[in-house]
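Work through the exercises below with the sequence and coordinates open. Try each task before reading its solution.

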Amino acid sequence: MDFKRVKDRVWMLVLPFIGFAVILGLWSLVASTFAQNLPSPMKTWEVSKPYIVEPFAKRGELDQGILRFTWYSLVLVAKGYALALILGTPLGFLIGRSKLFARGLDPVIQLLRPVSPLAWLPLGLVLFQKSQPAALFTIAVCSMWPTVLNTALGVRAIPKDYINVARMLQLSPFQTFYKVLLPAALPYMFTGFRLSLGIAWLVIVAVEMLTGSPGVGGFLWQEYNSLIYEHILLCIVTIGLVGLLLDRGMKLLEDRLRPAEVR
Amino acid sequence: MNSPQQRFLEFSHLSMSFPKGDGTVSKVVVDFDLTVAKGEFVCLIGHSGCGKSTVLSVLAGLVNATEGGAIVDGREVTEPGIDRGIVFQQPNLLPWLSAFDNVMMAVNAAFQKLSRKDRSLKAIHFLTLVGLQDAMTKKSGELSAGMRQRVGIARAFALDPKVLLLDEPFGMLDSLTRFELQQVLLDLWATDKKTAFMVTHDVDEALFLADRVVMMTSGPGAKVGKIVEVPFGRPRDRVGIMEHPEYYAYRDTLIDFLNSQEHGKAA
Amino acid sequence: MSALELRGVSKSYGSGEHATQVLRNINLKVEKGDFVAIVGYSGAGKTTLMSIIAGLCKADRGDVLLNDKAMKGPGPDRGLVFQNYSLLPWLSAFDNIMLAVNQVFKDWTLEQKTAQVEKFLAMVKLKDAAKKKPHELSGGMRQRVSVARALATNPEMLLMDEPLGALDALTRATLQDEIEKIWRVNRTTAVLITNDVDEGILLADRIIPLSAGPGATLGPEFRIDIPRPRDRKAMVHDLEFRSIRNKVIGYLLGPGARKKPGKPDAPMVLATQAEEVLA
């Protein structure tokens with residue numbers, strides 16, 4: 001019995017590594033056959049070494065260690081993401097609670113949702129003149145929709161009986177919100193938060209590229225202009241890894257909230 | 001007493017055993033013997049887990065008995081067939097079909113020789129008799145639990161089976177809906193008096209529906225304990241039955257038997 | 001002065017062509033200390049009636065009076081026990097009751113409030129389950145916590161909307177006995193809505209059937225003079241129990257019944273129906 005469990009666990013840990021190994025293998029294969037310009041994994045490592053080995057070095061504005069770049073990006077994402085949550089959550093509540101608002105705002109949301117950050121950023125620059133506020137605006141506007149929609153969903157999914165409990169006890173609107181609506185909708189809201197974070201991290205690259213700010217995206221854009229593909233690949237790997245870690249972290253937080261929902 | 005009509009449905013030395021994990025055998029039902037006449041309505045009552053559903057499953061052909069078996073109209077039961085219409089506790093209607101279509105499935109199976117129009121009329125006929133004439137086109141998701149069970153009943157009758165089997169059909173419904181549906185069932189049954197075999201744990205239900213109530217002892221090794229002939233004439237209605245001077249006396253007899261079986265004591 | 005009075009109450013849903021009248025001309029008087037059971041079919045309008053009594057929804061016509069004064073809305077003076085527990089799942093049993101106690105006894109100290117919660121938890125025999133969350137409790141236990149929550153605010157009226165409907169037969173029987181016992185302690189005015197006639201007669205002083213919808217209305221009242229405490233097994237043999245039971249069921253299967261199943265129509269009409277479904 002136990003042997004099977006151990007076997008399952010080993011497989012669970014080993015399979016992802018096998019997946020990565022396959023990707024590396026494909027990468028090498030492609031690099032050595034039809035995409036001659038694509039650097040092989042080995043070459044990527046060689047050329048990127050200074051950035052990885054000295055992750056916090058600062059040699060110039062756009063010549064810093066990879067972790068320093070990552071840090072700048074994360075700070076920018078954090079600010080934009082916080083803005084997304086601050087704007088998106090109340091909007092979600094409003095749409096969830098009021099059919100009127102829902103009908104009125106839904107077409108607007110569906111119109112704004114598909115717009116790419118590459119379109120928002122110029123608009124942001126026109127509105128705010130400076131690149132930082134424009135960047136934050138762009139991140140917020142692109143990533144807030146899952147928060148809005150999932151929060152609305154969560155609010156709508158609250159069983160009527162809970163609200164009746166609040167009414168029978170004559171809780172004030174604030175108390176109803178804080179003691180009943182918020183805890184009941186939280187699991188749904190959290191799913192929205194997680195999805196929003198994923199989008200925010202995705203958008204950061206485009207935003208940095210367009211504003212030339214230092215960060216993983218900014219570095220990537222510079223290296224693209226210098227045709228140093230190894231560094232581009234390094235950025236891709238970094239972006240992917242950080243995205244994975246962020247998502248996993250949120251998932252852990254989300255799971256801690258789940259037990260309350262078990263009925 | 002032994003004409004073919006009297007032995008239309010017969011359980012003969014029915015025994016059911018299951019092997020337990022540790023090598024021993026669990027004898028759920030032992031030597032269950034019962035004959036049912038054509039057109040008779042018999043209820044089998046007993047405690048949960050006594051094996052009454054097992055007996056019904058053998059009759060339905062869903063399981064094979066370890067020993068003995070069931071015989072319908074002279075033929076031994078070995079597998080399910082449309083000569084035995086079953087009403088389950090959960091009608092399990094196909095949710096993408098309407099009530100009408102669900103009943104049509106049964107009619108199509110039993111009346112292959114009829115034209116499409118005649119088959120439809122049959123389905124409508126039974127759905128009307130169970131009171132669903134206005135709800136035939138609804139899908140099962142739009143029907144209440146009581147209405148779904150009405151479809152289940154219509155479906156079983158639409159097979160025009162030789163024997164009607166009912167496995168605690170109203171167990172999942174609230175008491176008032178149960179009263180309603182018992183009357184629906186009885187009125188429908190009265191139109192052609194099919195031989196009916198029903199398993200239930202509700203004493204009032206058994207007294208209302210049956211000609212005879214068969215009481216099963218508690219497991220293990222359950223068998224026929226006591227049989228009570230129900231004295232009320234037909235047609236029956238719920239209130240009339242309850243006002244009958246002997247109703248509660250009979251009710252007490254059944255309940256006392258069940259209570260005596262509660263702790264595994266012999267009847 | 002009656003604790004609760006409904007005069008000519010009617011309620012419909014929807015508007016214009018699609019309006020369905022759920023309740024029609026409901027007249028009800030509940031005296032202080034009275035236990036009234038209303039019995040009716042599922043979906044007949046029982047929950048709507050309870051919502052109106054609780055103040056959660058407004059009647060279209062008629063008056064609802066509490067202690068002879070027009071009712072203004074929901075409030076903790078009426079403790080409500082719902083069918084589906086409705087305990088907030090992120091709070092423990094203790095905290096669920098405390099939520100109610102906090103609301104009503106705003107001037108009390110924490111010790112007083114804690115004592116009140118514990119008193120009612122003990123009354124429903126769930127002292128040991130205080131810290132558990134609803135999903136850790138069985139259906140019967142959750143419902144007992146609901147009852148404790150309703151009573152902990154010392155309400156003027158206890159309202160129970162099919163409180164035992166979602167439970168299995170055995171748990172239901174146990175809880176019926178418990179509710180009877182608990183009610184006898186302080187005899188709060190109580191209104192119980194149920195679909196089980198026997199339950200109504202076991203618990204109440206008066207039982208009133210509600211006819212099947214649409215346009216459900218209350219049938220004749222029956223006073224239950226069987227002395228308390230009432231023993232379920234002994235009651236079956238009581239002649240008064242049987243008489244009331246027969247009359248209530250007689251009403252619900254007779255004048256108060258749902259539309260009866262029809263006989264098959266003339267072949268011509270059937271043919272039209274066949275064309276409809278075949279189309």
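**Exercise 1. Helix packing in chain B**

Is the crossing of α4(B) and α5(B) left-handed or right-handed?

Solution. Start with the ground rules. This is a predicted model, in which local features need pLDDT of at least 70, side-chain atom pairs count only at pLDDT 80 or more, and totals for chains, interfaces and linings use all residues. Residues are numbered from 1 along each chain as its sequence is written, chains are lettered from A and ligands numbered from 1 in the order in which they are written.

Step 1. Locate the helices. Helices (H or I, at least four residues) and strands (E, at least two) are DSSP runs, numbered from the N terminus. Helix α4 of chain B covers residues 145–158, and helix α5 of chain B covers residues 175–192.

Step 2. Take the geometry. The axes of α4(B) and α5(B) are 11 Å apart, at an angle of about 20°. Axes are lines fitted to C-alpha atoms, for helices over the stretch in contact, and angles run from 0 to 180 degrees between N-to-C directions.

Step 3. Classify the angle. α4(B) and α5(B) are therefore roughly parallel. The classes are: under 35 degrees roughly parallel, over 145 roughly antiparallel, 65 to 115 roughly perpendicular, the rest oblique.

Step 4. Assign the hand. The crossing of α4(B) and α5(B) is right-handed. A crossing is right-handed if the near helix is turned clockwise from the far one by less than a right angle, and left-handed if anticlockwise.

Step 5. List the contact. Two residues are in contact if their C-beta atoms, placed from the backbone, lie within 7 Å. From α4(B) come B:G146, B:Q149, B:R150, B:I153 and B:F157. They meet B:T177, B:E180, B:L181, B:V184, B:L185 and B:L188 of α5(B). By class, this contact has 6 nonpolar, 3 polar and 2 charged residues. Here Ala, Val, Leu, Ile, Met, Phe, Trp, Tyr, Cys and Pro count as nonpolar, Asp, Glu, Lys and Arg as charged, and the others, Gly among them, as polar.

**Exercise 2. The surroundings of B:I45**

Which residues does B:I45 touch, not counting residues up to four places away in sequence?

Solution. Step 1. B:I45 lies in strand β3 (residues 41–45) of chain B.

Step 1. B:I45 is buried, because 25 other C-beta atoms lie within 10 Å. The cut-offs, with C-beta atoms placed from the backbone, are 20 or more other C-beta atoms within 10 Å for buried, 12 or fewer for exposed, and partly exposed in between.

Step 2. B:I45 touches B:T200, B:H201, B:V203, B:A206, B:V213, B:M215, B:M216 and B:L254.

Step 3. B:I45 and B:L185 are 140 residues apart in sequence and 18 Å apart in space, C-alpha to C-alpha.

**Exercise 3. Strands of chain C**

In what order do the 4 strands of the open sheet in chain C run?

Solution. Step 1. The order is β2-β1-β4-β5, with antiparallel pairing. Two strands pair if DSSP finds at least two bridges between them.

Step 1. The edge strands are β2 (20–30) and β5 (69–70) of chain C, each pairing on one side only.

Step 2. Strand β1 (residues 4–13) of chain C is joined to β2(C) by 7 bridges. C:L4 stands opposite C:V30 in β2(C).

Step 3. Turn to β6 (residues 78–81) of chain C. β6(C) pairs with strand β7 (residues 157–161) of chain C in the parallel sense, over 4 bridges. C:G79 has C:L158 in β7(C) as its bridge partner. C:R78 and C:L80 point one way from β6(C), C:G79 and C:V81 the other way, and all are buried.

**Exercise 4. Chain contacts**

Which chains share the most contacts?

Solution. Step 1. Of the 2 pairs of chains in contact, chains B and C share the most. 27 residues of chain B are in contact with 22 residues of chain C.

Step 1. On the chain B side, α3 (116–129), α5 and α7 (238–243) each supply at least two residues.

Step 2. 16 residues of chain A are in contact with 16 residues of chain C. The largest share of the chain A side, 6 residues, comes from α7(A).

Step 3. No contact joins chain A and chain B, and their closest C-alpha atoms lie 18 Å apart.
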